[in-house]
Each structure stands twice: as structure tokens, then as C-alpha cells.
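Have the sequence and the model open side by side. We will go through the sheets, then the core, then the pocket.

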Amino acid sequence: MAARQDILNWCDDTLQVSAYRDYAPNGLQVEGKADIAKIATSVTASKAAVDFAVEQGADMLLVHHGMFWKSEPVTIIGWKKARIETLLQHQINMAGYHLPLDGHPELGNNAQLARLLGWTLERQFGEQNLLNIGRLNTPQTLAQFSDGIERALSRRPVVIGNANREIKHVAWCSGGAQGYFQEAIDAGADVYVTGEMSEAQYHLANETGVAFVSAGHHATERYGIRALGEALAQTFGVEVCHLDEPNPI
């Protein structure tokens, strides 16, 4: 059992929440019980994740994608009302950490993705240091590189580029970071990996020769929240369970 505020304070300090400018609130979004014995984690605070937290008897639902975003309507109706109503009925806290969980050098989505795929980080750069560039231990063709991503993430990425091109340096940013492609090109990457792709990146990849890999928003952000949950379990002795909700996006 741990105090809710102690857990939140630890997350805020560890993830350096105050260092980020975000378009979503980081930390507690829906208040429940003051003491926490069990935490449920999931990428997104979906209704499925909320129901999972109820089924597991969790006192807190900890996510990467919370329920409140800049420029969204502030009314609590429809799907948002249904999720929040369930949380309140069962006194379940819901806390979310967005950009701070992307950028953390150990627990973050980018760090965990690199660890899973065997990339060696050389530096973080770009907006709020959310971009990463590193190297492969052994150069690969783009075809071999994309096959490795498919095996690790259990989904086929969308790949734009010459399949026979040699890949030595990779830049990456999890989630919907296709807009950083030019910065990755300027940094000297052979390939840029993120979760989503827009129409413009197709042409930019073909015209610059730098490959673009869209590996899935959800797929590239499945690992940070699990790492955060495991760290909380070790630090506070609370029980942690995880919902890996299928999502093709």
C-alpha cells in the first residue's frame, strides 16, 4: 500500500514533468482513493482500459494517453462521461504521462523502443529533446531493418525507401512524430522511424534518399508505460497489472 500523492510525486520527479511543454495534463486527471495497493497500466485511458482496471480491482489506472487534450471540448458527455463515470463509481484514480514518458532516457517510450530493437543512442535532439539518433551495432539493408521491426513489434511497418540501402544510423521518435522527418534528415540519419506517416513524408523520403518507417503509433508506445509500472512496483511494493489492448493504428 502506498499513498497516491507519494506515487504522483515520484512520477513527477522521475519523469521531470515540469521540464516539458505539453498539450495534455500530466499527472492525476481523475481522483479516486487516497491509498494505492494495485495499479493497472495501459497505453490509453480507453473504456477497455477502464473496465480492465475495474476487473483487476486496481486503485489507479496509469496511462500514456489520458482523456484531456488541448482544443478538445471541455464538456463531459458521451464516451468521456462513460469512462469517467466508471472511474468515479469505483474510486479509481487515473493518471497520465504524455511527453515526459516519451522523453525519459531510461523509462521512456523512445528509450524502451531502442532497447527492444537493439539501437545504441548517440544523442537526443530537436524539440524538447524528443528526437533521438543512434546507430546499429551491425549495418543492415533497409529490408533487413524493417523485418527486424516487424518481428519485434508483431506488425508490418509501412516502409518508404530503397530496400537495398545500407542502414547504419537511425533516428526515431515514438507516436505521431512524422513532422520531425526533416530534422532527422538534417541530423544525418539513414532512416527515420516513428509511429505514423502523412502524405508529404512519402515524397520527402523518395527525394532525399532517407528511408521513412511508419511502425504504428500504438506499437511504438507500448513499452514506456510498462517500464513505468514496473519501476513503481519496485519502488513502492504495489502490485501492477498491464492491459496490452490491440490497436492497429
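Strand S2 and strand S6 (residues 93-96) run antiparallel and are joined by three bridges. Leu28 has Ala95 as its bridge partner in S6. This is a predicted model, in which local features need pLDDT of at least 70 and side-chain atom pairs count only at pLDDT 80 or more, while totals for chains, interfaces and linings use all residues. Residues are numbered from 1 along each chain as its sequence is written, and side-chain values use heavy atoms, with hydrogens and water left out. Helices (H or I, at least four residues) and strands (E, at least two) are DSSP runs, numbered from the N terminus. Two strands count as paired if DSSP finds at least two bridges between them.

Now widen the view. S2 and S6 belong to an open sheet of five strands, in the order S2-S6-S5-S4-S13, with mixed pairing. Strand S2 (27-30) and strand S13 (239-242) are at the edges. Each has a single partner strand, so one side of each is left without a neighbour in the sheet. From one strand to the next, the twist averages 30°. Such angles run from 0 to 180 degrees between N-to-C directions, with axes as lines fitted to C-alpha atoms.

Strand S8 (residues 131-141) pairs with strand S10 (residues 166-172) in the antiparallel sense, over six bridges. There, Ile133 stands opposite Ala171 in S10.

Strand S11 (residues 191-194) runs parallel to S12, with four bridges, and Tyr192 stands opposite Phe212. Strand S9 (residues 158-160) pairs with S12 in the antiparallel sense over three bridges, with Val159 opposite Val213. Which way do the side chains of S12 point? Ala211 and Val213 point one way, Phe212 and Ser214 the other. All four are buried (under 20% relative accessible area; exposed is over 50%, partly exposed in between; 1.4 Å probe, protein chains only).

Last, the largest pocket. On a 1 Å grid over the protein atoms alone, a pocket is an open set of points where a 1.4 Å probe fits, with protein on both sides within 12 Å along at least five of seven lines. Lining residues have an atom within 4 Å of a point. The largest pocket is lined by 19 residues, and Tyr23, His98, Leu99, Asp102 and Gly176 lie nearest its centre. Strand S5 (60-65) and helix H4 (99-103) each give two or more residues to the lining.

Tyr23 has a contact of its own to check. Its C-alpha atom is separated by 5.2 Å from that of Lys70, 47 residues apart along the chain. Lys70 lies in the loop between S5 and helix H3 (78-89). Is Lys70 buried or exposed? At 65% relative accessibility, Lys70 counts as exposed.
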